[in-house]
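Subject: Structure handover

Hello,

Please keep it open while you read.

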Amino acid sequence: MVTQAQRDELGRLFKLLDTDGSGVVTKSDFEEKVRAVASVGNRQQGTPEYDRVESCYTNQWNSLKSAADTNDDGEVTQEEWLAWAEKAVSDSGTFEKLVKETASAIFDVMDLDGTGTVSFEEYKKVNEIYGLDEATARKMFDEVDGDQDGSITKEEHLTTQDWFFTRLG
């Protein structure tokens with residue numbers, strides 16, 4: 001059973017996925033995220049970089065739809081999302097598959113210059129897509145940058161995702 005604070009956080013995550021604010025998450029919400037994330041790095045449709053972003057979000061949508069869309073109407077309501085998410089945060093297999101793979105791909109998307117690390121500027125640009133202001137992005141970046149060297153490695157990013165979902169579960 002999850003606490004009210006955990007339910008509140010899961011509700012916030014739902015709102016991040018509901019790109020158009022319709023109250024349901026659909027494939028078009030994920031398609032919009034693909035376009036937005038790809039545009040940050042000037043990734044053009046048909047390039048391997050764009051295809052990787054698209055594949056990540058398509059797989060994420062297919063997994064979510066398969067697991068959470070209980071009435072198979074092509075929409076995931078907040079109620080369906082919460083029921084699925086509460087189970088998912090308790091299941092390490094689901095965590096590994098959905099969160100780690102997605103977090104790894106998102107890191108690669110944020111690494112706009114291909115250096116293997118993410119600067120604050122890169123981090124800020126991608127997180128603007130999710131509605132985060134600069135101050136919030138800075139706070140989050142500083143929390144993720146474990147060694148405080150001014151850049152985030154993939155390991156630091158994945159460790160933070162681990163911590164976040166462990167805290168939920």
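How many salt bridges does a search of the whole structure find? The search finds seven, a salt bridge being a side-chain nitrogen of Lys or Arg within 4 Å of a carboxyl oxygen of Asp or Glu.

This is a predicted model, in which local features need pLDDT of at least 70 and side-chain atom pairs count only at pLDDT 80 or more, while totals for chains, interfaces and linings use all residues. Residues are numbered from 1 along each chain as its sequence is written, and side-chain values use heavy atoms, with hydrogens and water left out.

Lys 154 and Asp 108 form a salt bridge, with the closest N and O atoms 2.9 Å apart. This pair links distant parts of the chain, 46 residues apart: Lys 154 is in helix H8 (residues 154-168) and Asp 108 in helix H5 (residues 92-110). Helices are DSSP runs (H or I, at least four residues), numbered from the N terminus.

Glu 121 pairs with Lys 124 in a salt bridge, the closest N and O atoms being 3.3 Å apart. Both lie in helix H6 (residues 120-128), three residues apart, about one turn of the helix. Lys 124 is buried, at 13% relative accessible area, whereas Glu 121 is partly exposed at 42%. Buried means under 20% relative accessible area, exposed over 50%, and partly exposed in between (1.4 Å probe, protein chains only).

A salt bridge also joins Asp 69 and Lys 65 (3.6 Å, N to O). Asp 69 is buried, with 5% relative accessibility, and Lys 65 is partly exposed at 25%.

Regards

Note on methods
Helix = DSSP H or I, 4+ residues; strand = E, 2+ residues; numbered from the N terminus.
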